[in-house]
Amino acid sequence: MAHSPNRQFRPLPVPSVTVEGFWGSWQDAVCEHTAATLLDRCVEAGMLRQVDPDQPSPGIVIPIVTWLGTPQMFWDSDLAKSIETIAYSLYRKPNPELEARADAIIDLYQRLQDPDGYLNSFFQRIKPEWKWTNLRDFHELYCAGHMIEAAVAYYQATGKRKFLDVMCRMADYLVRMFGRGPGQVRGYCGHEEIELALVKLARVTGNRAYMDLARFFVDERGQQPNFFIEEAIRHGRDPKGVQKDTLGYSQSHMPVREQTKVVGHAVRAMYLYSGMADIATEYHDDSLTRALETLWTDLTQKQMYVTGGIGPAAANEGFTDYYDLPNESAYAETCASVGLVFWASRMLGRSPNRRYADVMEQALYNGAIAGLSTDGRTFFYENPLESLGHHHRWVWHPCPCCPPNIARLVTSLGSYIYGVADDEVAVHLYCRSQARIELANGARFTLSQDTDYPWSGDIGLTVEAEAPARFALSLRVPAWARGPRLAVGGEAVDLTEASADGYVRIEREWQPGDRIDLSLPLEPRLLRAHPAVRQDAGRVALMRGPLVYCLEGADNGVGLNSILLGSGAGEARTANLPDLGGAVVLDLPVQRERAEAWGDDLYAEKERATEPDTARLVPYHLWDNRQPGEMLVWVREARG
């Protein structure tokens with residue numbers, strides 16, 4: 001059967017997928033600890049006092065910084081992401097107490113909402129005179145976006161419509177306010193997020209006006225005359241702002257279809273591209289897809305860490321120059337890697353392509369999940385690739401965007417594993433799971449995965465259906481897999497003949513109980529960076545499957561830069577480490593420089609003295625879960 005070039009692959013709703021195994025353990029940690037922790041710490045910060053219309057206004061709690069405002073402005077987004085996390089956790093593990101707390105917050109928002117639908121606790125209760133005066137910096141639409149996403153999640157997980165109805169009224173207000181019609185505002189948000197939220201709302205409600213508004217925000221961005229410049233002049237602000245390139249910082253320096261370089265604030269960029277990809281899928285917009293393909297190449301070939309971390313600089317929480325990827329000072333915000341997962345998953349909306357799915361997996365397993373401790377109680381905001389022992393997980397942050405962001409990603413992981421079109425299912429990620437699927441062609445079945453991935457590369461998939469069903473099943477074969485094997489019903493499949501864009505597509509009438517076996521050899525491999533990445537010159541990184549590995553002081557003592565890796569990764573031996581939940585660790589023969597043999601000279605004409613040693617490397621995402629100490633991803637390579 002020929003398939004349309006305009007296919008639309010959409011994610012399954014979170015309640016349609018039960019996740020077990022590796023990601024099930026992470027979800028359990030969020031359900032048991034993180035979800036309540038997020039809410040507790042939001043309350044401790046005073047967020048509910050700002051929302052509650054029965055309490056006096058708390059005023060400015062976090063000081064205002066010039067016209068940039070204060071993190072207090074986007075407290076609604078932190079509460080919203082926490083509610084979204086709670087929603088997904090309730091589906092996995094019912095928790096009446098936690099659900100009641102979320103319901104109470106939703107009640108507050110319902111009571112706070114203005115008759116016209118407007119809802120934002122800061123601008124209603126703290127600074128009403130600032131309402132809609134600074135779209136560039138004040139996060140009004142950003143907050144609305146996160147609240148919309150939370151409302152959709154809460155409705156899907158609990159069936160309760162109250163929050164969804166509240167946010168539909170806010171979305172209706174935005175539909176009336178923004179656009180190109182008479183009296184409407186031709187503006188957009190300085191921090192993108194509303195775009196992808198409106199797509200979610202449109203998909204769950206069927207209201208096309210929300211989709212069209214998302215498209216407007218994408219299309220209008222960067223048009224001339226530039227809205228942010230005119231807005232600043234209108235309100236007496238410096239149009240240059242406080243960044244070196246304020247327009248580039250918010251990706252509003254030119255229309256989105258003309259942008260070719262990834263610039264500015266990393267999280268904003270990822271959210272914009274996610275929204276663009278959704279619109280490209282929904283409207284079959286090849287012009288957006290072409291622009292996104294160019295930006296994707298720019299990011300992944302010149303500006304991305306091996307961990308899937310992005311945005312090396314703290315100064316702008318974002319991008320600098322090509323190949324500027326410092327390790328110890330890497331910012332690599334957790335939210336940015338989460339955003340890269342969002343973008344990559346949405347690039348799969350028009351067709352399966354491992355170019356995107358491989359990076360989604362890379363960012364998910366390394367740069368993103370590193371932001372959450374294994375017990376779900378502490379967090380990373382920045383994710384360096386080297387530490388001298390001073391970088392540790394923290395309990396909370398003055399700008400607490402990352403904890404609920406990684407938590408909502410973990411608990412919604414089921415919606416990233418599969419993509420569903422009218423007559424096809426794409427398997428993007430491998431994880432022990434059960435997906436309940438109903439296709440437009442009438443096929444109804446459960447697709448089950450049995451695997452211990454990423455510790456093992458053996459994956460079994462079973463089609464569980466009451467009757468035969470005809471559809472196509474596309475399975476990703478990662479680019480890193482050497483010698484993969486596939487069998488359907490015990491019969492081997494020639495992967496070279498069946499693969500397209502890194503996926504093997506099998507179309508047939510599937511019988512109840514049909515089984516597919518995929519083997520992805522997890523051989524440790526050494527990676528070297530592009531010669532222009534000066535910080536990694538003469539160094540190698542070790543990966544096994546999708547996982548980046550690192551040295552940690554807990555296993556190797558102090559002075560990790562004294563370790564020299566001289567042999568290939570083929571000599572690595574695997575072991576399971578109980579201290580890290582049975583994770584697969586790698587033991588490698590290395591040489592170690594002996595500093596004591598050097599003497600007291602700072603510089604000298606000496607050969608370095610080394611001795612044989614064994615180094616242990618652990619998955620990067622698990623570092624700093626034991627005792628504090630050094631960490632190193634890029635290891636010095638011994639030569640000659």
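Predicted model: local features only at pLDDT ≥ 70, side-chain atom pairs only at ≥ 80, totals over all residues.
**A quick tour: a covered helix and some paired strands**

In helix α16, the buried residues are Cys402, Pro403, Pro404, Asn405, Ile406, Ala407, Arg408, Leu409, Val410 and Thr411.

- Over in helix α3, which covers residues 75-92, you'll find Thr85.
- Thr85 counts as buried because its relative accessible area is 0%, and the cut-off for buried is under 20%.
- What does Thr85 touch, leaving aside its neighbours within four places in sequence? Its contacts are Val30, Ala35, Leu38, Pro404, Ala407, Arg408 and Thr411.

**Strands around β13**

- Strand β13 takes in residues 503-510, and β9 takes in residues 469-476.
- How many bridges link β9 and β13? There are eight, and the two strands run in the antiparallel sense.
- Within that pairing, Ala469 sits opposite Trp510 of β13.
- β13 also pairs with strand β12 (residues 499-500), again in the antiparallel sense, this time over two bridges.
- Here Ala500 is the residue facing Tyr503 of β13.

**The turn between β12 and β13**

- β12 and β13 form a hairpin with two residues between the strands.
- Look for Asp501 in this hairpin: its phi is positive, near 55°.

Terms used
Residues numbered from 1 in each chain as written. Heavy atoms only, no water. Pairing = 2+ DSSP bridges. Helix = DSSP H or I, 4+ residues; strand = E, 2+ residues; numbered from the N terminus. Buried < 20%, exposed > 50% of the residue type's maximum accessible area, 1.4 Å probe, protein only. Contact = heavy atoms within 4.5 Å.
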